Amino acid sequence: MDLKTLRTFHLIVKHGSFIQAAEELNYAQSTVTMQIQKLEADLGVQLMERGKKIRLTEAGRLFYEQSLDIVQRMEQVQKNISDLSIGETGTVRIGVTEPTASCRLPRLLQRFMAQYPRIRIALEISSTPALTESLMQGNIDFALCSTPDVGSELYFQPLFQERFVVLLPDEHPLSRKEIIEPSDLQDYRLLITSANCPYRKKLETVLQQSGHISLETMEIGSMTALKNYVEYGFGIALVPEIVLNPLPAKTTVRSISGSSIDMLTGLVRKTSSLQSASAKLYQYILQEINLG
């Protein structure tokens, strides 16, 4: 007994006719007849009384009633599998760094999920090193982050440069300058992120290139929290420009000259192919993310 035969049986009951069931299925009538004969042989009972009008036997009525749920469930299973294979449903696990997670991704995911409401999305928000490790272990499908370490078995698709600016209190001495030089930072407390943060590593590289290795610093674990500590006068910070909308009270923004502190950000995945739903979101981000 298979699903095709069950469907044939149910269509015969629906139409009261072998001929109409065959027409709807685009089968030859002989095929429909053979399917029902085999079904009756498998069950060891007669299901239908043939004549000018098809009538169900008592066994046929019982079989029809109790197989309705089976047919409906199997049809739903087939539809779900079909939707999964074409990316209309499924779960996508994506890793993302700040500030993209808070400032760029929510609106983009809202549009995507409105278009594909049966695709579920799970987010892991962390640093680039943690996300690439999670990706290698198969815990996420792909990541949106800064460039991974060279030599890793990953494919990186660049998307945009995250522009950094200097955020400082309104009354800070450096606020009188239109453009701040890296050397200007040496006399003031600099708020920085955690040691494993790629943004901090990039900042340290820029400062070393300018000849200033030792600075007074205060470590703040969150990139998005830096602006709040500047607002309360703890120091100055290099922050992504995108997080400064709105600008915190009593603060001002200045550009920094010299070597670029901007961070290249993009999509990271394994070199193997993505599953259908993951591939859909990956391509959507690739095409739609705000590069501004």
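Helices (H or I, at least four residues) and strands (E, at least two) are DSSP runs, numbered from the N terminus. The model on display is predicted: local features need pLDDT of at least 70, side-chain atom pairs count only at pLDDT 80 or more, and totals for chains, interfaces and linings use all residues. Residues are numbered from 1 along each chain as its sequence is written, and side-chain values use heavy atoms, with hydrogens and water left out.

**Stop 1: the loop between E11 and E12**

Select Lys 250, which lies in the loop between E11 and E12. Its phi is near 60°, a positive value in a residue other than glycine. Lys 250 is exposed, with a relative accessible area of 67%; exposed means over 50%, buried under 20%, and partly exposed in between (1.4 Å probe, protein chains only). Next select Pro 246, located in the loop between E11 and E12. A cis peptide bond links Asn 245 to Pro 246, with omega about 10°.

**Stop 2: helices H2 and H3**

Move to Asn 26, in the loop between H2 and H3. Asn 26 is not a glycine, yet its phi is positive, about 60°. With 71% relative accessibility, Asn 26 counts as exposed.

Now display helix H2 (residues 18–25) and helix H3 (residues 29–43), whose axes come within 8 Å and cross at roughly 110°. H2 is therefore roughly perpendicular to H3, a label given to angles of 65 to 115 degrees, while those under 35 count as roughly parallel, those over 145 as roughly antiparallel and the rest as oblique. Axes are lines fitted to C-alpha atoms, for helices over the stretch in contact, and angles run from 0 to 180 degrees between N-to-C directions. Phe 18, Ile 19 and Ala 22 of H2 meet Gln 29, Val 32, Thr 33 and Ile 36 of H3, contact meaning heavy atoms within 4.5 Å.

**Stop 3: helix H7 and its cover**

Select H7 (residues 128–136), in which Thr 128, Leu 131, Thr 132, Ser 134 and Leu 135 are buried. These residues lie on the same side of H7, because they cover an arc of only 160° around the axis; the arc is that of the directions from the helix axis to the C-beta atoms. Elements covering them include strand E3 (90–96), strand E5 (142–146) and helix H8 (198–209). After H7 comes Gly 138, whose phi is positive, near 80°.

Continue to E5, which is largely enclosed by the rest of the structure, since 5 of its 5 residues are buried. E5 is joined to E3 by 3 bridges, and the two run parallel; two strands pair if DSSP finds at least two bridges between them. Ile 94 has Phe 142 in E5 as its bridge partner. With E13, E5 runs antiparallel through 4 bridges, and Leu 144 stands opposite Leu 267 in E13.

**Stop 4: the six-stranded sheet**

Display the open sheet of 6 strands, ordered E8-E12-E7-E11-E9-E10 with mixed pairing. E8 and strand E10 (217–219) are the edge strands, each pairing on one side only. H8 lies across E7, E9, E10 and E11, running at about 140° to E9.

Finish at Asp 184, in the loop between strand E8 (179–180) and strand E9 (190–192). At 16% relative accessibility, Asp 184 counts as buried. Not counting residues up to four places away in sequence, Asp 184 touches Leu 174 and Lys 177.
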